[in-house]
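Let's take a walk through this model together, one chain and one contact at a time. Have the sequence and the coordinates open as you read.

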Amino acid sequence: MKYFNLLMLLFAFSSSLAQPNCEAYKYYGDTLKYEACKKAMEIKGHYQFSKEYQTVLDESIEIDPTFDYAYWAKSIAYLKSGDFVTWKKLIDKAVEYNPKEHLGYRGWCRYQFFRDYKGAIKDIEKLDSLVDYDIGQTQNGTYHLNIAKGMCYKAIGEKEKAIAILEKQIKLNEEENFVGAYDYLHLGVLYLETEKFEKAVETFKKQSENNEVAENQYYLAMTYLKLDKPTEYKSCLDKAKELYIGERRMTDPYSNPMDKIYLENIENELKTAYNNGYK
Amino acid sequence: MKKIIILTTVIFSLLWSCQTEKKADEKQEYLRWVGDIEKNEQIDELEFKVCNGYDKILQYFNLGKGPVYSGEKSKILNTFKSKYQPITDKNQNGLIRIRFIVNCEGKAGRFRVLQSDYSYQEKNFNKEIVSQLLNITKEIENWEVFKRNEVTVDYYMYLIFKITDGQLTEILP
């Protein structure tokens, strides 16, 4: 978790880290791309959404219409404003000119912003087929791309496949001491949904040790209910509510994460518990 | 002969003007920010006001709280679940985005619609689907009021609806 937090901090500044090294183009003799790159660097200090930012990148593309970075950088504002039509046109260009660099990003965004599960799977699997190195993390650093892929398989109904993917990736993450913020939680929910209750409890307990959130206690409660353990069920629901009110819950700056729950869900369950005599 | 010359001139000038318009369309003039919505008095409600001026409208995520809904997202989900009447049609598939401004009082206005199929190609859905989603969105009376440095702000917000066979399957963000 310690390393995870450090990574999250780095990802918070990822837009500056993602800048290309223009000098490298010059070194390899690609002067056109070097010029396009130098032009693109003039975006510094301008907001992604602004006219100035977009215009500089248009000029960069005019210098070299195959400069993938400029298309990628232009696409971000369209993504964040929900303009899926323009975003897709731009990011497709970036992928066309540099698939290894942008396929993982496009796949993740398809999932994060548009819940395009099949499209995300296709991109992540394509990337995996193109490279012989680890395909890495999602853009925001929350997940390994394989975890994101597993969640997409779950969303299209392939839960056993999703479990296999998450189990495999979490094992690798554990070896690296680099388990994602919600990895155990998603796997636990999958176990719960496929009626592997003992495994679900074990996995939610790992999530508690790694990063406790209201959702984790809520799903643990629901698992205890299935296991007919009313005391634990009620206690976890109370804890879920406390955590939720204390803002210890799943968050994402742009969307609502998979398996997120709302205060209404916890309160309705508490009412049900009360009505069934679990006090 | 004179008539023919006049007619030819008119046709050429018409063709030329269409072409120029197309060219202008290709080279897009940017507004202040991507996704900005300018006021259109023909379609926008006249009583809707932006409190702090057009130049100060933010995006919903600029305040670092993520997508926040008055009464949480579950309220939005319940609203659409209870009001939207599905149009069963195998050809009605894709994404519909409704983008709008939430002002400093939590009121929404300047609604704009974007539609595409699941391959992100623009298309037009059955009008009944779009008008239902638009009307339900417009009927939501209160949106979250955001503050920056203790001052209430205006911001852009959007809802994306995933439609499969005319059924509303997901609402984002």
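Which pattern does chain B follow, read along the sequence? The answer is α-β-α-β-β-α-β-β-β-β, that is, 3 helices and 7 strands. Helices (H or I, at least four residues) and strands (E, at least two) are DSSP runs here, numbered from the N terminus.

A word on the ground rules before we go on. This is a predicted model, in which local features need pLDDT of at least 70 and side-chain atom pairs count only at pLDDT 80 or more, while totals for chains, interfaces and linings use all residues. Residues are numbered from 1 along each chain as its sequence is written, and chains are lettered from A and ligands numbered from 1 in the order in which they are written.

Let's stay with chain B. Of its 173 residues, 24% are buried; a residue is buried if 20 or more other C-beta atoms lie within 10 Å of its own, exposed if 12 or fewer, and partly exposed in between, with C-beta atoms placed from the backbone. Two residues are in contact if their C-beta atoms, placed from the backbone in the same way, lie within 7 Å. Among contacts in chain B between residues at least 6 apart in sequence, 73% join residues at least 24 apart.

B:N40 counts as exposed because it has 9 C-beta neighbours inside 10 Å.

Now to where the chains meet. Chain B brings 27 residues to the contact and chain A brings 25. On the chain B side, two or more residues come from each of α2 (72-83), β2 (94-102), β3 (108-116), β6 (155-164) and β7 (167-172).

Finally, turn to chain A and its helices α7 (residues 84-97) and α8 (residues 99-114), which pack at an angle of about 160° with their axes 8 Å apart. Axes are lines fitted to C-alpha atoms, for helices over the stretch in contact, and angles run from 0 to 180 degrees between N-to-C directions. The two helices are therefore roughly antiparallel, a term for angles over 145 degrees. From α7(A), the contact takes A:F84, A:I91, A:A94 and A:V95, and from α8(A), A:P99, A:H102, A:L103, A:R106 and A:F114.

Definitions and conventions: Parallel < 35°, antiparallel > 145°, perpendicular 65-115°, else oblique.
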